[in-house]
Amino acid sequence: NMDPFKDEFLLATEIVISAGQYVRSAAKSQSQASESKECYADLVTEYDQKVEKMLMSAISEKFADHKFIAEEMSADGNSAAFTDEPTWIIDPIDGTTNFVHGFPAFAISVGFFHLQEPVFGIVYDIPNDKMYSAVKGKGAFCNGRLMKCSPTTELQEALIATEYGSQREPNFLKFKIDTMAKIVEKCHGIRSLGCATLNIIQVAMGTADAYYEFGPHIWDFAAAHLIALEAGAVCSAPNGGKMDLCSRKLMVCSTKELRDQLTPLIDDYQLARDC
Ligand code: IPD
C-alpha cells in the first residue's frame, strides 16, 4: 500500500532528479578521476560519495528516524543491517565504471522498504534522462509511460543480460564465462551494459528478456527488481529458488518459461552476503 509513504515517494523523485542533473553536468567533462575499492576494477568517484551524502541528508532532514543501506557507507565491507524499519537502499551511481569512461549507461537507484518489503523503487538513467519508477501494486512507469516486459517464452528467441562484474578472482571469472558460454549457445545473444540496474530495466522494458548476475549488491537491485516485478517480470535466485535481496545473486526473467530454461544452465557460486 503506497499511500502511507506518498511523501517519501515524492521526496525521492525530487531529489533523484536534482542529483541526476548534477551528475549529468559532471559527466559532460569527459573522464572522471576515480579510486579503486576492493579491487582495481571496482571504482568510486567523488560524485558517488557526494550524491550519496546529498540524498541521505535530504531524506534525514524530513524523516529523521529512517534507516539507510547505501553503497559508499558500506564500502568498509561491513555487512548492512536490513531491519523492519523504513529503510532507504541507495546506489548513488550504479555503473560507476561507465561514468568514469563516459560510456552512457549509469543511474541513480533508490529503493524504499518497510517490513523488509519493497514499497517503491526509482531508477534514474542519467545520460538518457529517463525516470523509471514503480510503487508496489501500481505498475511500472518510464517517464510516465506504463512499462511491460516481453512475452518471450523460448530461450532460442531471447536476449539475455549479465555482467562480468567488478571482481577479478580467476575462479569467479571462469565460473561466469563458462556459464555465459552455455547460455549464448542457446539464445539470441548476451549483453552487458555495465550497470546492473539498467540491465534489469531492459527486462522491464521488454528490450531484453532476462538478466542474471552473481556479485551485485543489494543497492544494485533493490529498486530495479520492483520495477521489473511491476512490469510483469519474474524475480528469483539464479537457480530458480526464492529471490534473496541480501545474497548478491539474482535472476529477472520476462516469463516463468524462460526462467525454467535458464536455471539448468546456471550452477551456484558461493558469495559473502550483504546482510
Ligand atoms: C556495479 C555495476 C556492474 C555490476 C556490478 C555492480 P557499481 O555497480 O552495476 O554492472 O556488474 O555487479 O556492483 O559499483 O557501478 O555501483
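**Sheet and ligand shell**

Biologist: How do strand 10 and strand 12 run where bridges join them?
Modeller: Strands here are DSSP runs of E, at least two residues, and helices are runs of H or I, at least four residues, numbered from the N terminus. Two strands pair if DSSP finds at least two bridges between them. Residues 159-161 (strand 10) and 210-214 (strand 12) are joined by two bridges, and they run parallel.

Biologist: And before we go on, what sort of model is this?
Modeller: Residues are numbered from 1 along each chain as its sequence is written. Local features need pLDDT of at least 70, side-chain atom pairs count only at pLDDT 80 or more, totals for chains, interfaces and linings use all residues, and the model is predicted.

Biologist: Which residue in strand 12 stands opposite Ile160?
Modeller: Follow Ile160 across to strand 12.

Biologist: In what order do the five strands of the open sheet come?
Modeller: The pairing is mixed. Strand 11 (189-191) and strand 13 (234-236) each have a single partner strand, so they stand at the edges with one side left without a neighbour in the sheet. The order is 11-10-12-14-13.

Biologist: How many residues surround the ligand?
Modeller: Being near means a C-beta atom, placed from the backbone, within 6 Å. Among the closest are Thr96, Glu163 and Pro216. Domain 1 (3-146) and domain 2 (155-265), with bounds from an automatic or database domain assignment, each give at least three residues to the shell. The number surrounding the ligand is 16.
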